[in-house]
Amino acid sequence: FSFPLTMTKTTFYYALLLALCQASVSSAWVTVANNNVNLSSYNKHAQSSETKLYAQDRRHFVTSSLSIIGSCALTGTTLLTPLPSHAATSPQQQKDEDNIVKGYNRLQYLLDNWVDKTTVCKIGQETTFGDKCERTPVVVMEYLGFKSTSDPLFKADTAMLRLKDLVPSDREVDFYDAVDAFAQNAEEASSMAFVSSWGEANPGGGKDRVALFIERAKNNVIASRDALKTIIDILDLKA
């Protein structure tokens, strides 16, 4: 047995209960109509004991039937009352959602200002190659949450998994793929940033090697940003 695609299990059960309730109401009304007795036709001064007992039974039946109808109608009203669409948001859930959105916006800002943010200028001294400024993607580690526990993306993959219960059933695969993509690319970007910090000192190192690390780190940041956007869309968050 399968549920209609447009109906959740909870909604289906409520609809089924309501249908059964309505059927019970209809059945009860038919029974009452078929067994309706004009109790006033009995003369209280001329009834035999058997007739009185019969009238009492009929009155009990009518009273019970009306009670059933009333209870069923009340149940139907209760079932028709809209259910809350979501449980109250916990402080941790709200924090996780906010951090994901903040982290996404920070990565977008980093990419929009990539050259400026990956360029370090030293005041009053020259760099290894005699320049005042040099390129380095070390700042990437900060934007991806590897520098501070207060950064929005600190252990972001763990925060994402805490929100898994909010994921629609038809997007679960996309969600977990996006979490894996973010974790992998964030780690690679951080590694490239770390290696680049020693790029000039390594054998064969130089500006070209640093530029290579910067380009690789940027590609990983783009992939991380895209994974976050997918998660934001799946969770229906406002970026």
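## Asp226 and Arg225

In this predicted model, Asp226 is partly exposed, with a relative accessible area of 38%. Its side chain meets that of Arg225 in a salt bridge, at 2.7 Å from N to O. Arg225 is buried, with a relative accessible area of 16%, which falls under the 20% limit for that class.

Arg162 is partly exposed at 44% relative accessible area, whereas Asp96 is buried at 2% relative accessibility.

Helix H3 also holds Arg106, while Asp151 lies in the loop between H5 and H6. Asp151 and Arg106 form a salt bridge, with 2.9 Å between the closest N and O atoms. Because Asp151 is in that loop and Arg106 is in helix H3, the pair ties together parts that are 45 residues apart in sequence. Here the acidic residue, Asp151, is buried, with a relative accessible area of 10%; Arg106 counts as partly exposed at 25% relative accessibility.

Side chains of opposite charge can pair when their charged atoms come close.

## The disulfide

A search of the whole structure finds 1 disulfide. It is formed by Cys121 and Cys133, with their sulfur atoms 1.8 Å apart. Cys121 lies in strand S1 (residues 119–121) and Cys133 in strand S2 (residues 133–135), so the pair ties together parts that are 12 residues apart in sequence.

The torsion about the S-S bond of Cys121 and Cys133 is about 105°, so the disulfide is right-handed. Cys121 is partly exposed at 44% relative accessibility, and Cys133 is partly exposed with a relative accessible area of 33%.

## Positive phi angles

Most residues other than glycine have a negative phi. Lys155, which is not a glycine, has a positive phi near 50°. Lys155 is found in the loop between helix H5 (139–143) and helix H6 (156–162). Lys155 is exposed, with a relative accessible area of 54%.

Asp236 likewise has a positive phi, of about 60°, although it is not a glycine. Asp236 lies in the segment after helix H8 (207–235). With a relative accessible area of 67%, Asp236 is exposed.

Notes. Residues are numbered from 1 along each chain as its sequence is written. This is a predicted model: local features need pLDDT of at least 70, side-chain atom pairs count only at pLDDT 80 or more; totals for chains, interfaces and linings use all residues. Side-chain values use heavy atoms; hydrogens and water are left out. Helices (H or I, at least four residues) and strands (E, at least two) are DSSP runs, numbered from the N terminus. Buried means under 20% relative accessible area, exposed over 50%, partly exposed in between (1.4 Å probe, protein chains only). A disulfide is a pair of cysteine sulfur atoms within 2.5 Å. A salt bridge is a side-chain nitrogen of Lys or Arg within 4 Å of a carboxyl oxygen of Asp or Glu.
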